[in-house]
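Hi there,

Here is the structure I said I would pass on.

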Amino acid sequence: SLEMLEVVLQQEPDNRDTLVDILVRKQYLVELMALSGETGKALEGLKEISGTWRELEGISGEDMRTSLIYIEFLVEQVRMSHEQGDSRSAAQQLNDIQLHLIASQSNMSFRRVAGNRLVDAAFLQWEISGELPSANVLSHLPEYEPGSGRSRACHDASRAAMKAVMLGQED
């Protein structure tokens, strides 16, 4: 599907949605490389994707879908930075990501996705530092109460588990 999207982009070079879809697929490939131990290739892939995101100016108040996909990329970039020993940069970037996600939750169409991304970033911060995120971040984490309608998919269930582990509510 990546090759087909690249052909479409060649035919319509100004199609931002197609370019974002290509970046999503490349991000998945980078994640798979990292998980399979191909760290060097994954870092090269991140650099390539990062340049394209800079050209797109990833975060945009008008295009929440693209902004949240970009945030997902940034969280993966932070994870890789930390694994490469750059914890200071990772911590600062996570703080910026969390503040953006808190602001993004006001957009009701994307509130659920932004909340899940905030859990991802908060959990990663906790993993890196061993400390809970700020009270402001914690107060914006979504509730995942059974029967509330909040947990509708595996994505929600995994974020609920991450939040519970982070907060020491593992029972």
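Predicted model: local features only at pLDDT ≥ 70, side-chain atom pairs only at ≥ 80, totals over all residues.

Let's start with helices α2 (residues 16-35) and α3 (residues 39-56). Their axes come within 9 Å and cross at roughly 160°. Angles over 145 degrees count as roughly antiparallel, so that is the label for α2 and α3. Their crossing is left-handed. On the α2 side, the residues that meet α3 include Leu-19, Leu-23, Val-30 and Met-33; on the α3 side, Ala-42, Leu-46, Ile-49 and Trp-53 are among those meeting α2. By type, the residues of this contact split into 11 nonpolar, four polar and four charged.

Trp-53 turns up again in the largest nonpolar core, which has 36 residues. Together with Phe-73, Val-78, Ile-97 and Leu-101, Trp-53 touches the most other members. Two or more residues of this core come from each of α2, α3, α4 (64-83), α5 (87-104) and α6 (111-129). The biggest giver is α4, with 10 residues.

Leaving out residues up to four places away in sequence, Leu-101 touches Leu-68, Ile-71, Ala-114, Arg-117, Leu-118 and Ala-121.

Beyond its neighbours within four places in sequence, Ser-50 is in contact with Phe-73 and Gln-77.

Cheers

Notes. Residues numbered from 1 in each chain as written. Heavy atoms only, no water. Axes fitted to C-alpha atoms, helices over the stretch in contact; angles between N-to-C directions. Helix = DSSP H or I, 4+ residues; strand = E, 2+ residues; numbered from the N terminus. Parallel < 35°, antiparallel > 145°, perpendicular 65-115°, else oblique. Left-handed = near helix turned anticlockwise from the far one by under 90°. Contact = heavy atoms within 4.5 Å. Nonpolar A, V, L, I, M, F, W, Y, C, P; charged D, E, K, R; others polar. Core = buried A, V, L, I, M, F, W, Y, C linked by side-chain atoms within 4.5 Å. Buried < 20%, exposed > 50% of the residue type's maximum accessible area, 1.4 Å probe, protein only.
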